[in-house]
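Subject: A structure for you to look through

Hi,

Here is the structure I promised to pass on to you. Please open it next to this email and follow along as you read.

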Amino acid sequence: MILRTFNVCVLLAFFAVASFSSAAAEANPSIDVLLSHTKAQRGDTVEVTVRVPTKNTVRAVLLVPTVGVQPLSLKPVPARPGAYRGEVVLDGQAPQGLYIVHVWGGEISKPVGVGKATFLLGRIINDFFIASYVDSTQAVADIDAYLREFQRIGGNSLIAHNLISPTKALYASRIIKTDLQPGSPKDLVELILSRADKQGIAVLLSVSWDMTKQSPFKDRMNEIKAIATELYELYQHHPSLAGFYSYQEGSGTYYIPYVREFSQFIKSLNPNLLTACAPHVDDPLLAGYLSAVEELDVIIYQAGVMASYRTDNRKKYPFRRVKDFCALGAGAKLLQNKIAINHVELFGYLENRLNPQTTATTYENIYSQILSAATVTNADGISFFTFHAHIHDALKKQPGVEWSRTAVADGIKAFDLISSRISYARNPLVVYFPYSDWVLERWPNYFLPALDAFRVLGVPVDVLPYAPPLEESVYPYYPFHLNKDVLARLLRERTVLVLPNVSGFQQTDSDLLKIFIEQGGVVIAFGPQIPMGRSYERDQLFGGDEGAGISTHVELVVRDAIGDRVKTGERFALGQLQLPSWIAKGARTVASFADGSAAITINKHGLGTVITVLPDASTAAQKMPELMRDLLDYSVSLRGGKPVVDIVGSSENSDVAVAMTPTGFRVVVINYNPGEIEVALQPARSDGASQWVDLVNNLEMGSARLLKVKIPSGGFRALEFRGR
């Protein structure tokens, strides 16, 4: 039997391997489920291996995203008692989302042993389902209406949140004060999971402490463990249960021990349960340290843009910060191939509310956040806080929220297009955030302006936070050694590291940078501070060093052009730029200041190359953009890459993404400015005939090599250049 109806091919039919005569003797037999893939693509075959006690009967099903539960066939492995295999064959139309393999012995509603495993196809579209917002007078109808609505716009995953109110548990708990009995039709966890089983929605249950009482903080972890245990015992029989999410959030590396203990405990319940958390953005090093928690599976790095308008937090981040903050999670996931989900806020404070009677925010605020999230490269999906509370529930009393709902629907369509066709691959240029226990203030003061400088240049970059070696990732101990896994990946992926005004490195990053360059890596360091290190001499690695005093520079002169855009002898006005003097010591001087001191140098060291740009990234992008494009293309070419396209006319209030194709490239430019902008797209190479195509409507836009397009305020253009 083949599931042609749902365009997913699965080897089917329930399969019993033996009688379950030993059930009484073994109350909770171990069922191990192994998958050949944790992340799959259409066309893949995911192999399922199950290991059970040899006398036990087991059955298996597969939760197919947005489809529901389907039977999964298991066949014995010859000469391996207790081992069974199955397959999940994904065709070209297989729906995206989390697939859950669910294996059990005994009765389906009262299993004797449960095994689970998940794999991801495409992207997760997640929402926080807020249990306390369910209409208790018609809970079933309210939940069904919400799920239909969320699925209609593309949703395929939920975090069931706020399961314990200040007065009671909203499920049939035996250990927390509640008015619900086992089997109660008002058990909200049972209601949401039973419907998720039928509709193919993967669910993570949010675990908090007992909020019905004032517990001492020192007791809360024990309460969290007891509640997680109870939730798993009560609801493990549901195929839609994928794992658990930590209700407790955090914003600094102090959060790491909590996440590690929480995740380790969840894995003790079942090693294949997913664990998830949603950190804040205050400390970029948190992302890197989370990547080193082996038991943590899912990181939802909170963008915090709408939240930055709170009365106690008036930072007022622009929309583009969604990409910058979520990029930390996408960069951190690489160490252990975790699931990184972007975060978008559907609520508003004060001036961002639709009106004083609702917390939902406007179409522009929602749509622009989603567009920015879509340009985060290699992310695994998007999560909303929260469609259930701020859209579905608010619509019951505020018809104007329909426009906000439309923003989510329109945003998801744009997100699917951009993330699946343009921002799916990592960029060669990566801004690196190093380890230091006092570097926190540098993130807003130097790194965010540098990211904006690349926006001005129309050059997409990724963000890579420092990740300690796994054996040195336990706080509060300092790491001392380089992360060899990170080094190997940077060399393998031919990454170009960008350092924006980094002052110096501790041992772990000093060693990483030195060996990375010696083994062929490329680094671009922007000033005015060029990093010293503990394991290298700066004048040898960078080919220069500081002179005495600070000088005022009004002009930069190109001494040795390295590209086609800028010629030797060209000059760039700098205003009154004050910088430390820099003396080249063996490095090639590409440009100098009017007084003859070095401004831009290229130094060969070992097998690698270091490019030093004394002006800061913002000044370089604003004052000499064409020279910067030549430098960036040169740096990428050193790692075997090729220039793709010049995007001229973008600003710091925009986002861009670029992807190579077999015959050309695709590009998206997003405009957050209050008015329309025009950008010019100039392919770096064009052999023979070509064609521009609008990816939104699939319309051809002409064959001219240079394309000028207008982008409306709050909108985007997604285009493909097809060579022939």
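Below are my notes on what I found, grouped by region.

Before you start, please keep in mind that this is a predicted model.

As background, strands of a sheet pair through backbone hydrogen bonds, either parallel or antiparallel. Strand 5 (residues 58-64) pairs with strand 6 in the antiparallel sense, over four bridges.

**Strand 37 and its partners**

Next, go to strand 37 (residues 716-723), where seven of the eight residues are buried. Strand 32 (residues 664-671) pairs with strand 37 in the antiparallel sense over seven bridges, and here V669 stands opposite R717. Strand 34 (residues 690-694) also runs antiparallel to strand 37, joined to it by five bridges. In that pairing, Q691 stands opposite R722.

Helix 7 (residues 363-374) has twelve residues and spans 17 Å from its first C-alpha to its last, close to the expected 16 Å. Eleven of those twelve residues are buried, so helix 7 is largely enclosed by the rest of the structure. Among the buried ones are Y363, N365, Q369 and A374.

In the loop between helix 7 and strand 20 (381-385) you will find D380. Is D380 buried or exposed? Its relative accessible area is 6%, so D380 counts as buried, the cut-off being under 20%. The side chain of D380 makes a polar contact with the side chain of K333 at 3.0 Å, and another, of 3.1 Å, joins the side chains of D380 and K39. Leaving aside neighbours within four places in sequence, the residues in contact with D380 include L120, R123, K338 and I339.

**S419 in helix 9**

S419 sits in helix 9 (residues 402-421) and is buried, at 4% relative accessibility. Which residues does S419 contact, leaving aside its neighbours within four places in sequence? They are R123, A374 and Y424. The side chain of S419 also reaches the backbone oxygen of F415, at 2.5 Å. S419 and V376 are 43 residues apart in sequence, yet their C-alpha atoms are 7.9 Å apart in space.

**Helix 12 and the residues around it**

Helix 12 (residues 507-518) has twelve residues and reaches 16 Å from first C-alpha to last, close to the 16 Å expected. Its buried residues include T508, D511, L512 and F516. After helix 12 comes G520, with a positive phi near 115 degrees.

In the loop between strand 23 (496-500) and helix 12 is N501, which has a positive phi of about 60 degrees although it is not a glycine. N501 is buried, at 3% relative accessibility.

**Some backbone details**

Most residues other than glycine have a negative phi, and most peptide bonds are trans. With that in mind, look at A79, whose phi is positive, near 65 degrees. A79 lies in the loop between strand 7 (75-76) and strand 8 (83-89) and is exposed, at 81% relative accessibility.

There are cis peptide bonds to look at as well. One runs from Y475 to P476, with omega near 10 degrees; P476 is in the loop between strand 22 (462-465) and helix 11 (484-492). Another runs from G527 to P528, with omega near 5 degrees, and P528 is in the loop between strand 24 (522-526) and helix 13 (538-541).

**Cysteines**

How many disulfides are there? The count comes to zero. For C277, the nearest cysteine sulfur is that of C326, 13 Å away, and a disulfide needs the two sulfur atoms within 2.5 Å. C277 is buried, with a relative accessible area of 1%, and C326 is buried too, at 2%.

Enjoy exploring, and write back with any questions!

Best wishes

Technical notes
Residues numbered from 1 in each chain as written. Predicted model: local features only at pLDDT ≥ 70, side-chain atom pairs only at ≥ 80, totals over all residues. Heavy atoms only, no water. Pairing = 2+ DSSP bridges. Helix = DSSP H or I, 4+ residues; strand = E, 2+ residues; numbered from the N terminus. Expected span 1.5 Å × (residues − 1). Buried < 20%, exposed > 50% of the residue type's maximum accessible area, 1.4 Å probe, protein only. Contact = heavy atoms within 4.5 Å. Polar contact = N/O pair within 3.5 Å; in protein donor to acceptor, adjacent residues only side chain to side chain.
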